[in-house]
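Me: I would like to go through this structure with you step by step, beginning with the contacts between charged side chains and then moving on to the chain as a whole.

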Amino acid sequence: MTQPNGCRWCDIDKRPHGRQWTEEPGWHAWEQPTQDQIKARMLARRADRPDKEEQ
């Protein structure tokens, strides 16, 4: 599951991130996600909760 504060480019948490490779930025260190990314990740996590009641 994606972490809201995971890397902007690859969603990995800051502590275990190290240097990672992805197509867009190439090799990169952990980078703060944008506020829009954090919000979208939080909404996605909420939608995937098993205890979510249908309204």
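Reply: In this predicted model, the side chains of R8 and E31 meet in a salt bridge, with a distance of 3.6 Å from N to O. Because R8 lies in the segment before α1 (14-17) and E31 in the loop between β2 (26-28) and α2 (35-47), the pair ties together parts that are 23 residues apart in sequence.

Me: Which parts of the chain does the salt bridge between D11 and R41 tie together, and how many residues apart are they in sequence?

Reply: The side chains of D11 and R41 meet in a salt bridge at 2.5 Å, again taken from N to O. Since D11 belongs to the segment before α1 whereas R41 sits in helix α2, the parts that this pair ties together are apart in sequence by 30 residues.

Me: Is R41 buried or exposed?

Reply: A residue counts as buried when its relative accessible area is under 20%. D11, at 30% relative accessibility, is partly exposed. For R41 the relative accessibility is 8%, and so R41 counts as buried.

Me: In what order do the helices and strands run from the N terminus on, and is the chain compact or spread out?

Reply: The protein chain has two helices and two strands, and from the N terminus on these elements run α-β-β-α.

Key
Residues are numbered from 1 along each chain as its sequence is written. This is a predicted model: local features need pLDDT of at least 70, side-chain atom pairs count only at pLDDT 80 or more; totals for chains, interfaces and linings use all residues. Side-chain values use heavy atoms; hydrogens and water are left out. Helices (H or I, at least four residues) and strands (E, at least two) are DSSP runs, numbered from the N terminus. A salt bridge is a side-chain nitrogen of Lys or Arg within 4 Å of a carboxyl oxygen of Asp or Glu. Buried means under 20% relative accessible area, exposed over 50%, partly exposed in between (1.4 Å probe, protein chains only).
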